Amino acid sequence: MTGNLLSLAIWLPIVAGLIVLATGSDKNAPAARWLALMGALVSFLVTIPLYTGFDTFHGGMQFTEMKPWVESLNINYHLGVDGLSMLFVILNSFTTLLVVLAGWQVIQKRVAQYMAAFLIMSGLINGAFAAMDAILFYAFFEAMLIPMYLIIGVWGGARRVYASVKFFLYTLLGSLLTLVAFVYLYYQSGGSFEIAAFQRLPLTMGAQTMLLIAFFFAFAVKVPMWPVHTWLPDAHVEAPTGGSMVLAAITLKLGAYGFLRFVLPILPDASREYAWLMVTLSLIAVVYIGMVALVQTDMKKLIAYSSISHMGFVTLGFFMFGGASGNQLNSWAVEGALVQMISHGFISAAMFFCVGVMYDRVHSRKIADYGGVANKMPIFASFMMLFAMANSGLPATSGFVGEFMVILGAVQVNFWYAVAGATTLIFGAAYTLWMYKRVLFGEVANQNVAELKDVNKREFLILAVLAIAVLGMGLYPAPFTEVMHQSVNDLIWQASQTKLN
Amino acid sequence: MTWTSLNAWVAAPEIFLLCATCAILLLDLFISDAKRHLTYVMTLATLAITFALVLMGHEPQARLAFNGLYLVDPIADFAKLAMIVGVALVLIYGRSYAMARGLFRGELFTLTLFSLLGMMVMASSVNFLALYVGLELMSLSVYALVALNRESFASTEAAMKYFVLGALASGMLLYGVSMLYGSTGSLDIFAVSHAIQTGQANNLLAVFAIVFIVTGLGFKFGAVPFHMWVPDVYQGAPTPITQLIASAPKAAVFVFSLRILAQALEGFAPDWRGMLMVLAVLSMGLGNITAISQTNIKRMLGYSTISHMGFVLLGLLVASPAGYSASFFYVVSYILMSAAAFGVVMLLSRQGFEADQIEDLKGLNQRSPWFAAMMLFTMFSMAGIPIFLGFFAKLAILKVVVDMGLVPLAVIAVVFSLIGAFYYLRIVKVMYFDDAVDQSPLIAGNDAKLVLSINCLLLLVLGFMPDGLMNLLSDAVSQSFTSLPY
């Protein structure tokens, strides 16, 4: 059972998705919904043993599975998780469960296809986090685009076609260059696509720089980092609520994960050499995109920009090289960034869901169309208050832990990095709370708002689960940090080595 | 000449195909339109038997026949199997299309079989004259097939264009071959190779010959800048014939090029490599960029073929058995993909309605979710998205190109693939995001629907396990290159 836990985590949702797909037309929509819920629930439950059975003192890969896949190209079906990836598999399966619930009533056309797309995507994302073979990773990483493309394009808003094509092409551009990079590394390593083999491989500075460019395109687009972030606001605004939740909560994390798994260990010298660039781009994301978020009039766009800004914090944490010799990654910063990734998974999913709840009732995302919602939806307003606070990084919420750790790490490396990064606490609070004030507080603004009904049981359940996650992680983050600790230390060691000689 | 050196048995599939085609031709004269299905079934049976004969005659050892004119080696065997499958798919998918337009006649069957015979001869000949005969047999049959629909102006124009440009290319090729003969004193591929390697050839003349030969090959591949005929012929020809042009002949031309470039002229690899590089890059570039602006799906697939052939040339120019295997794998994958794409186009067409505009695919997901998914598989496979077969085809090519140290070429290839992804995505967009204008059900026969489904699912299944096919083809290439009869 434990031998192929990861395979289960990958293939169970995919098979469930295919079964849901088989229910066919919308006549069977209730069956499709229940089947999807069961599939998502079971898929989530099988990922739990990944946490309970995880050996926190072991930094290497666990739950590994290895089978030859394409022998003529020496591609293996090699799976495994370590402290860097394990939590994301669980987070992903958890989010998919919420997404299925979130689309329960809202999605009325092509229900089976909608549910199936999310389930299949969930399996593919798990695959990308668990893959230890570069081509296997690439296959999952790319294949994931197909369901997301359809989700945005079929169930999206008015400009869905533009947004979905832009999303697809942007991501593909980066990943195709990565493919060339993988093939190049395959030859350098003497015919292996194993990520571990790439990590051991000596590489010249020139080669590392070229590879860094290729990897940067793939992962920076996915994160997204400034200036390749422009697909994200479009995709988020047009995507259905569930699509936005998965995009923000999970797929962005894959980009950041790519930096951890590929860039830092495979290209340590180039990472150190160009850390200043990564830090600069991250800080631009934090500060500039934070300001951009301030002026948005569309709630979803505002949260999308807030995501970019928060993810800037994550990449900032990854490239904090300091220590006595200046080649030591700061462990506070890296762990903080990882915590921030998970916390942002909860918070962004919650924020997008909150907007979705209002959108389903009023059919507008414009801040100006709202006002005084709290008068009509008190329960909803209190939940959203919590998430808005978490998004601004209030202590005792999960948003605080990661940001605080990254800032702590940054202070040790360079005081000014920390100062610039810390502005996120101000901007984050400003744009989130200002939006909250305009939408929720004040007099009831118009007839639409006056007719609002408070959350139903299903929505309450989703909000409550997310609220528990946000508060739990904020009050007691140790269960999250202790599993990543050993792997982070290993990563720091790998990134401190040189591959030049 | 003795019977042993004649060794005609190794050419049994071709001999059978010829006899069966003549029989079908004769029989067809005496049956009425109502009984046309008889010859149709006979045609399919002929293909099946030819397939079985090729399979039974398959040996890892290359064997010569007809006093050294004809060579049956594993490459030729597998290329023939791919061609037979490609031609069979044309007839199966095209049946209801042809019936609705009065094209379901004996000419369709016999000309298709003759073109197949030509392709098989192309795949197995090791003498320039025999190669040329095969090429002409294939080409002339296809020219006539393009004009099969006599009432259609577009078809007639396409056939004329194809014929004139095809004849020009054949002339180029023949001119090149004659110069090569002047340079090496032989028309036999192995004698030419030997003369070049022992320094007996006149190098200047041989390089001139290569220019003309590559031009001729470029035309047959449809590589830029010799691609002018492709879009017009694809658009003008009846869709089954477009499918025929897009599928099986690519395998024939591939083996044909392998014989000429890799077996006869391998000593001049540095010379033709540069030429192929130009053709490959231009094909990928122009094919992919121009495809974006097309509104006619057949024309779009025409430009897409051009870009795919660019990829095939990339593998060829590596000039090593690994490169040839990668190209071979690409060609076989491409035959499956293009057959599937045209199959869907024909599935949507009916009497008086061609379904050849991209808009005609609108809302296919509402009309038939199953075939929308099948077309989705095909498009993503063509775009090279994992986990479909097309991804591994592209990966195999990239692998050999990078292995040769041509990383910039690999980067160019992937950048153009990215541009290409756009128009494949547009097809998916039209099928899934737009509402159906035309609500009529799909009326193709169940045989076509079943085979098309298998065809498309194969793109996914082979994507999951590409290993078998990949090994089969690379073994075929290495066996063919190590077991040359000289």
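Let me start with one residue in chain B: Met284(B) touches Ser307(B), Gly310(B), Phe311(B), Leu314(B), Ala413(B) and Phe416(B), leaving aside residues up to four places away in sequence. Please keep in mind throughout that this is a predicted model. Is Met284(B) buried or exposed? Its relative accessible area is 0%, and because buried means under 20%, Met284(B) counts as buried.

Now to the nonpolar core. The largest one has 403 residues, and the members that touch the most others are Phe259(A), Phe380(A), Phe387(A) and Leu265(B). Helix H15 of chain B, residues 321–348, gives the largest share of this core, namely 20 residues. Apart from that core lies another, of 6 residues, which include Val10(B), Ala11(B), Tyr70(B) and Val72(B). As for Leu265(B), if we again set aside residues up to four places away in sequence, its contacts are Leu180(B), Ile196(B), Ile210(B), Ile213(B), Ile260(B) and Trp272(B).

Next, the contact between the chains, to which chain B contributes 36 residues and chain A contributes 35 residues. Between them the two chains bury about 3300 Å², of which 79% is on carbon and sulfur atoms. On the chain B side, Lys399(B), Leu418(B) and Phe433(B) lose the most area to chain A, and together they account for 21% of what that side buries.

Finally, the largest pocket, which holds about 1200 Å³ of space. Which residues lie nearest its centre? Of the 42 residues in the lining, they are Leu18(A), Leu21(A) and Ile120(A) from chain A, with Leu376(B) and Phe377(B) from chain B. By type, the lining divides into 35 nonpolar, 5 polar and 2 charged residues. Several helices each supply at least two lining residues, including H1 (5–22), H4 (111–130), H5 (134–143) and H6 (145–155) of chain A, and H16 (364–367), H17 (369–383) and H20 (446–464) of chain B.

Terms used:
Residues numbered from 1 in each chain as written. Chains lettered and ligands numbered in written order. Predicted model: local features only at pLDDT ≥ 70, side-chain atom pairs only at ≥ 80, totals over all residues. Heavy atoms only, no water. Core = buried A, V, L, I, M, F, W, Y, C linked by side-chain atoms within 4.5 Å. Buried < 20%, exposed > 50% of the residue type's maximum accessible area, 1.4 Å probe, protein only. Helix = DSSP H or I, 4+ residues; strand = E, 2+ residues; numbered from the N terminus. Contact = heavy atoms within 4.5 Å. 1 Å grid on protein atoms, 1.4 Å probe; cavity = no way out; pocket = protein on both sides within 12 Å on 5 of 7 lines; lining within 4 Å. Points joined across faces, edges and corners; volume = space filled by probe spheres on them. Nonpolar A, V, L, I, M, F, W, Y, C, P; charged D, E, K, R; others polar. Buried area = accessible area lost by both parts, 1.4 Å probe.
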